Amino acid sequence: MSMSERLPNPIDAGRIVLTPLRVSGADEMVAVLSSPELYVHGGEPPTLDRLRRRYSDLVVGHSPDLMQEWLNWIVRLKGRHAAAVGTVQATIMREDGRAEVAWIIGADWQGHGYGSEAAAAMVHALIEAGAPWVTVHIHPDHGASQAVARACRLSPTEEFLDGERWEWRSDGRAGDLPRR
């Protein structure tokens, strides 16, 4: 059974909800991801066409060689308008079940705890569904992402690969089960 089949759908996270990524979500997300502030440590704001192509690739749910399962959600505020505020994602490595996670919250919605709530809900759901190991790579100067990782009870390691690696392991080597 794939990880996606073991996860709640959508993932409820208090003030927000994680809804599965759809190609049509690119139309709303392009504005959320448009601020150059989000790309201080690399990358650039996507165009609508580029984002639609990216989402088309991601919604397939796996890498071409089937070695990775791709799980992606749009982070939405609860309420009447259910506005999109960001995304969270997990790449599940089929060889060992490790989940590599990432998150991005639009500049207009930062500073309200949405990143911590969304990432913690995703990490908690992954662990509850059986992920034995969760990792994230964070630029060493990105204090906000480090705070989100701490909220998920991920711990920094000595390893650097695409940034500093933070992790949680079921064998207790790092952190406790993330709070929801």
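Guide: Helices (H or I, at least four residues) and strands (E, at least two) are DSSP runs, numbered from the N terminus. Val-101, for example, has its place in strand E5, which covers residues 99-105. This is a predicted model, in which local features need pLDDT of at least 70 and side-chain atom pairs count only at pLDDT 80 or more, while totals for chains, interfaces and linings use all residues. Residues are numbered from 1 along each chain as its sequence is written, and side-chain values use heavy atoms, with hydrogens and water left out.

Visitor: How many helices and strands are there in the chain, and in what order do the elements run?

Guide: The chain has 5 helices and 8 strands, and from the N terminus on they run α-β-β-α-α-β-β-β-α-β-α-β-β.

Visitor: What does the radius of gyration say about the chain?

Guide: The radius is taken over C-alpha atoms, and the globule rule is 2.2 Å times the number of residues to the power 0.38. For 180 residues a compact globule would have a radius near 16 Å, and the 15 Å of the chain agrees with that. Along the principal axes, the C-alpha atoms fill a box of roughly 40 × 35 × 30 Å.

Visitor: Is Val-101 buried or exposed, and which residues is Val-101 in contact with?

Guide: Buried means under 20% relative accessible area, exposed over 50%, and partly exposed in between, with a 1.4 Å probe and protein chains only. Val-101 has a relative accessible area of 6%, so it counts as buried, as do 47% of the 180 residues of the chain. Contact means heavy atoms within 4.5 Å; leaving aside neighbours within four places in sequence, Val-101 is in contact with Gln-89, Ala-90, Met-122, Val-123, Leu-126, Val-134, Thr-135 and Val-136.

Visitor: Where does Thr-47 lie, and what does the side chain of Thr-47 reach?

Guide: Thr-47 lies in the loop between helix H2 (26-32) and helix H3 (48-58), and with a relative accessible area of 45% Thr-47 is partly exposed. A polar contact is a pair of N or O atoms within 3.5 Å; within protein, one must be able to donate a hydrogen and the other to accept it, and residues adjacent in sequence count only if both atoms are side-chain atoms. The side chain of Thr-47 reaches the backbone nitrogen of Arg-50 at 3.1 Å.

Visitor: Which side chain makes a polar contact with that of Ser-2?

Guide: The partner is the side chain of Ser-4, at 3.0 Å. Ser-2 is in the segment before helix H1 (3-6), and counts as buried because its relative accessibility is 18%.
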